[in-house]
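Please examine the sequence and the structure shown here.

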Amino acid sequence: MPWTNQGGGGPWGSGGKGPWGSGPQSPGPTPPDLEEILRRGQDRLRRVLPGGNLGGRGFALIVLGVLVLWGFSGFFRVEPDELGVVLRFGKQVREVQPGLNYHLPYPVEKVLTPKALRINKIDIGMRIVDDLRRGGTTTRDVPEESLMLTGDENIVDVDFSVLWKVKPTGVGDYLFNIQNPEGTVKAVAESAMREVVGRSDIQPILTGARQTIENAVQELMQRTLDHYGAGILVQQVQLQKVDPPSQVIDAFRDVQAARADLERAINEAQTYANRVVPEARGRVAQITQAAEAYKQQTVAEATGQTARFLKIFEQYKKAPDVTRERMYLETMERILGGTDKIILDSGGGGGSNVVPYLPLNELTRPTQPRSQPQSGGRQ
């Protein structure tokens, strides 16, 4: 009996009451009769089947149609950023590439299509959220992920991103060895960054050790994920922001400025030393060379004088009188050769009445320099 005929007038009993026993319901469409729908379906099936009844041939056609539909259900498509993993009774049997493929219909085989060829990105210490006011995106800090303790007991705020994808040969491990891949990568990345930062001082982290930290975190993450058998390949670790905590960043900047001034003063002093020291060394070398030249000159002159004296002494031994006279004449020539002389003859009677004449104007004239006679010019 149709449910619309039970209870005399409706599913909620007689009297035209509603479902909660209150007054009559508002007029509306009558619910369909399920028995009528089944009856109409059976009539249509009899008209389609030969003979008008479900005989052996009709049953065979139904079974054949069901088998065809079941066979066609094995076709599936793998998207360009996916890899297909075919499971036969729950066991992995093969991997298929992007495109149209086929597997034995369910429940014999089924396929899983993870995004194995897509490079995924996870942000740690920050979140990119939509800015409804400006119509773009903004970055929101997550302090519980970004605040880390360095090796010299300082706190640093580190925001970084991890690029990762599924290994080409590790799709099965990715599907069956880890339950939450993104959560696993995020936890491993945060743990690796804390370990690397905990082994480093704050100064290199904030200045020139960014590339070293990125490489160290990537290697540590890859080792950990391989140990888990996650089938994940870490492509790159990117440090987005490395700063002291916002509460002390002003004081830290003052410290950094003081250190920069110290470095600048040291560099200026080193530059001055590099300029003054070579000049002093040059002057020392010049004085040393001048003293050495004076020494050599003095020694050479003394040696020459000694050789000259020895030669004169040898001649003196051969003829002492001649040598004394020659030395006397040469000495007087050197002494009197550059002076003006007036010679008066005081001897003889004829010159006693001569008035001496002194040419003062001649004596006051500057004398012309004369070249000294060479020693040894006379014998």
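The model is predicted. Its protein chain contains 10 helices and 11 strands. Of the 379 residues, 22% count as buried. When contacts between residues at least 6 apart in sequence are considered, 63% join residues at least 24 apart.

Helix H5 covers residues 181–198. With 18 residues, H5 reaches 26 Å from its first C-alpha to its last, close to the 26 Å expected at 1.5 Å a residue. The buried residues of H5 are Pro181, Thr184, Val185, Val188, Ala189, Glu190, Ala192, Met193, Val196 and Val197.

The packing partner considered here is helix H7, residues 210–228. Two packed helices are described by the angle between their axes and the distance between the axes. For H5 and H7, the angle is about 135° and the axes lie 9 Å apart. An angle of this value makes H5 oblique to H7, and the crossing of the two helices is right-handed.

Which residues of H5 and H7 meet? From H5, the contact involves Thr184, Val185, Val188, Ala189, Ala192, Met193, Glu195 and Val196. From H7, Ile213, Ala216, Val217, Leu220, Met221, Thr224, Leu225 and Tyr228 take part. By class, this contact has 13 nonpolar, 2 polar and 1 charged residues.

The residue numbers on H5 can be read against helix geometry. An α-helix has 3.6 residues a turn, so residues three or four places apart point the same way. Val185, Ala189, Ala192 and Val196 are among the H5 residues that meet H7, and these residues are also buried.

How values were computed:
Residues are numbered from 1 along each chain as its sequence is written. This is a predicted model: local features need pLDDT of at least 70, side-chain atom pairs count only at pLDDT 80 or more; totals for chains, interfaces and linings use all residues. Side-chain values use heavy atoms; hydrogens and water are left out. Axes are lines fitted to C-alpha atoms, for helices over the stretch in contact, and angles run from 0 to 180 degrees between N-to-C directions. Helices (H or I, at least four residues) and strands (E, at least two) are DSSP runs, numbered from the N terminus. Angles under 35 degrees count as roughly parallel, over 145 as roughly antiparallel, 65 to 115 as roughly perpendicular and the rest as oblique. A crossing is left-handed if the near helix is turned anticlockwise from the far one by less than a right angle, and right-handed if clockwise. Contact means heavy atoms within 4.5 Å. Ala, Val, Leu, Ile, Met, Phe, Trp, Tyr, Cys and Pro count as nonpolar, Asp, Glu, Lys and Arg as charged, and the others, Gly among them, as polar. The expected span of a helix is 1.5 Å times one less than its number of residues. Buried means under 20% relative accessible area, exposed over 50%, partly exposed in between (1.4 Å probe, protein chains only).
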